Amino acid sequence: MTQRSFPLSRFWRACGQFVGLFLLCAVLVVGCNPASSDRASDAPSDTAASTTPSDRIIYGTTLKPRTIDPADSYEMAGIEIIYNLSDTLYTYQPGTTELEPSLATAMPTISDDGLTYIIPLREGVTFHDGTPFNAEAMKFSLDRFIGNGGKPAFLLADVVETVEASGDYELTITLKQPFAAFPALLGFAGTCAISPDAYTIGEGEFNPDTFVGTGPYSLTEFTSDTIRMDANPDYWGDAPANEGVDIQIYGDNSANLFNAFTTGAVDVAYQSLDPEQITTLQEGGDQEDWQVIEAPGTAVNFMVLNVNQEPLDQVEVRQAIASLVDRALINERVFQGQAEPLYSLIPTAFENYYEPTLQAAYGDADSEAAMELLTEAGFSAANPAVIPLWFPTASTTRSLVAQTLQALAEQQLEGILQFEPNTVDGASFFKNIKEGIYPAALVNWYPDFLDPDNYIHPFLSCSQGSEAAGCSEGGAQSQGSFYYNKEMNDLINAQREESDPTQRQEIISQIQTKLAEDLPYIPLWQTKEYVFARNEVSRLEMNPSQTIPFWVVEKS
């Protein structure tokens with residue numbers, strides 16, 4: 001049997017934020033944001049962790065899962081746990097974005113019209129409660145994902161017509177329309193197999209603190225600050241390299257997580273540490289006090305521009321902003337070099353698809369070009385282009401980015417372009433974006449599944465709209481750009497229907513070129529992910545979706 005490899009998972013939008021020291025060229029001075037001291041009492045006991053057997057992995061994090069029901073989990077904290085407890089039909093080869101079978105035994109057979117997928121299933125697999133895995137169990141799992149109406153239900157509900165057990169170990173799925181990325185979607189952790197004897201199908205019927213799947217670990221404890229996963233002795237694949245994982249949750253107090261790692265109370269620390277803490281731990285890694293694992297992230301951060309609002313309805317203004325942006329300065333001053341400049345909505349992890357089209361078109365920090373574009377559009381110091389720029393109150397990172405952009409415009413453009421940073425609570429922020437209230441906003445995106453389509457369709461597609469009125473329904477409306485372009489819609493649909501990888505790559509290249517021309521969004525940065533591990537830990541790595549496969553980790 002083969003070693004279980006990375007399944008894809010969604011790294012949800014509701015991620016932890018960077019918090020750090022910001023200094024902008026004698027214009028802005030912002031101190032660090034210390035963790036609230038009243039969180040210290042919520043931290044799990046380091047004494048309890050230290051008594052854990054040495055062949056168990058102690059994992060520290062600040063992320064607390066809302067639920068680990070795969071039909072309702074839509075945040076990174078829950079997906080991380082589901083990922084290690086479960087198996088999906090398809091998964092990823094370690095360290096890549098290349099799919100391979102997991103509970104399926106082969107890639108699907110697809111009908112000529114692209115609507116029917118026939119999937120052969122693995123035999124000899126049992127759930128954690130002893131229930132046999134078969135096609136009926138897999139059908140139950142997918143039907144429940146759709147039918148219970150959880151947060152991620154739309155991922156399958158929007159594209160799947162029917163799921164049928166066409167044999168004891170054969171599944172037939174019929175789609176509503178062709179979707180080339182469908183096998184990747186079947187690797188999303190929430191679409192995993194779960195025991196029909198442990199769950200029910202019904203609107204809102206969820207089990208938030210239990211899990212019964214087929215994965216290399218079984219869940220043995222789930223509390224507010226501790227989650228325990230034990231090695232599954234009946235796992236169908238290679239046995240885990242450790243006896244289990246104890247997850248210690250430190251709330252949102254990164255200082256407690258930092259201290260727990262540096263004192264040896266936890267073996268592994270991940271999500272979320274402040275930039276200054278990461279810098280300190282990197283220095284310790286240089287001295288071989290511990291290990292530093294760095295990986296490019298798949299979360300993208302961008303500015304959404306509402307093309308229906310003045311002055312952003314003029315493409316010259318959007319082009320001027322794209323020319324002005326200094327991604328290197330943002331990375332240095334806000335993130336202390338712990339991010340990567342981004343020039344497309346598709347992150348660099350997709351090497352065969354990512355094209356830095358905005359870099360080619362606008363470069364970085366070209367204030368002269370920005371000035372010319374704004375002048376051409378009719379703006380001057382006496383008649384400036386004023387752009388309110390919105391972001392959630394709790395996001396210190398985006399606050400610092402907004403202040404950076406504001407200062408750049410003041411310094412470089414002589415008052416012709418003026419950013420006005422504004423904040424609002426998170427719930428109102430996302431509601432107002434969809435309603436078109438904001439001219440511009442700073443937003444981040446964690447993919448639902450690892451395919452370029454998930455960075456294209458949710459942002460640039462529009463199911464109802466016109467060139468004159470903009471988008472009234474679809475991805476562009478829900479993301480706040482209200483962008484409508486028939487050519488873009490046709491390209492998006494074409495790449496979704498294209499089964500030939502080379503042809504699909506060419507279509508996605510055209511989409512990125514058109515993004516740079518029309519600029520309903522300006523990509524700014526993508527995350528870098530850092531995991532820190534004690535020297536006693538070996539074989540720890542991170543897959544492109546930023547989850548950690550703990551079943552391969554060893555501890556001496």
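Biologist: Let's start with Ser272. Where does Ser272 sit?
Modeller: In this predicted model, Ser272 is placed in the loop between strand 13 (268-269) and helix 7 (275-286).

Biologist: And what kind of peptide bond joins Gln271 and Ser272?
Modeller: That one is cis, with omega at about 0°.

Biologist: What about the backbone of Gln271, where is phi?
Modeller: Phi of Gln271 is near 60°, which is a positive value in a residue other than glycine. Gln271 belongs to the loop between strand 13 and helix 7.

Biologist: Is Gln271 buried or exposed?
Modeller: Gln271 is buried, because its relative accessibility is 8% and the cut-off for buried is under 20%.

Biologist: OK, where is phi for Gln336?
Modeller: Phi of Gln336 is near 55°, again a positive value in a residue other than glycine. Gln336 lies in the loop between helix 9 (327-335) and strand 15 (339-341).

Biologist: How accessible is Gln336?
Modeller: Gln336 has a relative accessible area of 29%, so it counts as partly exposed.

Biologist: Back to peptide bonds. What is omega for the bond from Glu310 to Pro311?
Modeller: Omega is near -5° there, and the bond is cis. Pro311 is in the loop between strand 14 (291-305) and helix 8.

Biologist: Since you mention helix 8, how do the axes of helix 8 and helix 11 cross?
Modeller: Helix 8 (residues 315-324) and helix 11 (residues 367-376) have axes that come within 8 Å and cross at roughly 165°. Helix 8 is therefore roughly antiparallel to helix 11. The crossing of this pair is left-handed.

Biologist: Which residues make the contact?
Modeller: From helix 8 you have Glu316, Val317, Gln319, Ala320, Ser323 and Leu324, and from helix 11 Ala369, Ala370, Leu373, Leu374 and Glu376.

Biologist: And by class, what does the contact of helix 8 with helix 11 have?
Modeller: There are 7 nonpolar residues, 2 polar and 2 charged.

Biologist: Let me try another pair. How do the axes of helix 6 and helix 7 cross?
Modeller: The axes of helix 6 (residues 254-262) and helix 7 come within 11 Å, crossing at roughly 10°. The two helices are therefore roughly parallel to each other.

Biologist: Which residues are in that contact?
Modeller: Helix 6 contributes Ser254, Ala255, Phe258, Phe261 and Thr262, while Gln277, Thr280 and Leu281 come from helix 7. By class, the contact of helix 6 with helix 7 has 4 nonpolar residues, 4 polar and no charged.

Biologist: Switching to strands: in what order do the 4 strands of the open sheet come?
Modeller: The order is 6-7-9-8, and the pairing is antiparallel. Strand 6 (109-110) and strand 8 are the edge strands, each pairing on one side only.

Biologist: Which helix packs on the sheet?
Modeller: Helix 3 (residues 135-147) does, touching strand 8 and strand 9. The direction of helix 3 makes about 165° with that of strand 8.

Biologist: How many bridges join strand 8 to strand 9?
Modeller: There are 6 bridges between strand 8 (residues 160-167) and strand 9, and the two run antiparallel. They form a hairpin, with 2 residues between them.

Biologist: Could you give me some partners? Which residue in strand 9 is the bridge partner of Thr162?
Modeller: Thr162 has Thr174 as its bridge partner in strand 9. For Val160, the partner in strand 9 is Leu175.

Biologist: And how many bridges join strand 7 to strand 9?
Modeller: Strand 7 (residues 116-120) and strand 9 (residues 170-175) are joined by 5 bridges and run antiparallel. One of the paired residues is Pro120, whose bridge partner in strand 9 is Glu170.

Biologist: Last topic: Gln477. Where is Gln477 found?
Modeller: Gln477 is in helix 15 (residues 475-478).

Biologist: Is Gln477 buried or exposed?
Modeller: Gln477 is buried, because its relative accessible area is 18% and buried means under 20%.

Biologist: What does Gln477 touch, not counting residues up to four places away in sequence?
Modeller: With those left out, Gln477 touches Ile433, Lys434, Cys471, Ser472 and Phe482.

Biologist: And how are the C-alpha atoms of Gln477 and Glu435 separated?
Modeller: They are 8.1 Å apart, although the two residues are 42 residues apart along the chain.

How values were computed: Residues are numbered from 1 along each chain as its sequence is written. This is a predicted model: local features need pLDDT of at least 70, side-chain atom pairs count only at pLDDT 80 or more; totals for chains, interfaces and linings use all residues. Side-chain values use heavy atoms; hydrogens and water are left out. Two strands pair if DSSP finds at least two bridges between them. Axes are lines fitted to C-alpha atoms, for helices over the stretch in contact, and angles run from 0 to 180 degrees between N-to-C directions. Angles under 35 degrees count as roughly parallel, over 145 as roughly antiparallel, 65 to 115 as roughly perpendicular and the rest as oblique. A crossing is left-handed if the near helix is turned anticlockwise from the far one by less than a right angle, and right-handed if clockwise. Contact means heavy atoms within 4.5 Å. Ala, Val, Leu, Ile, Met, Phe, Trp, Tyr, Cys and Pro count as nonpolar, Asp, Glu, Lys and Arg as charged, and the others, Gly among them, as polar. Buried means under 20% relative accessible area, exposed over 50%, partly exposed in between (1.4 Å probe, protein chains only).
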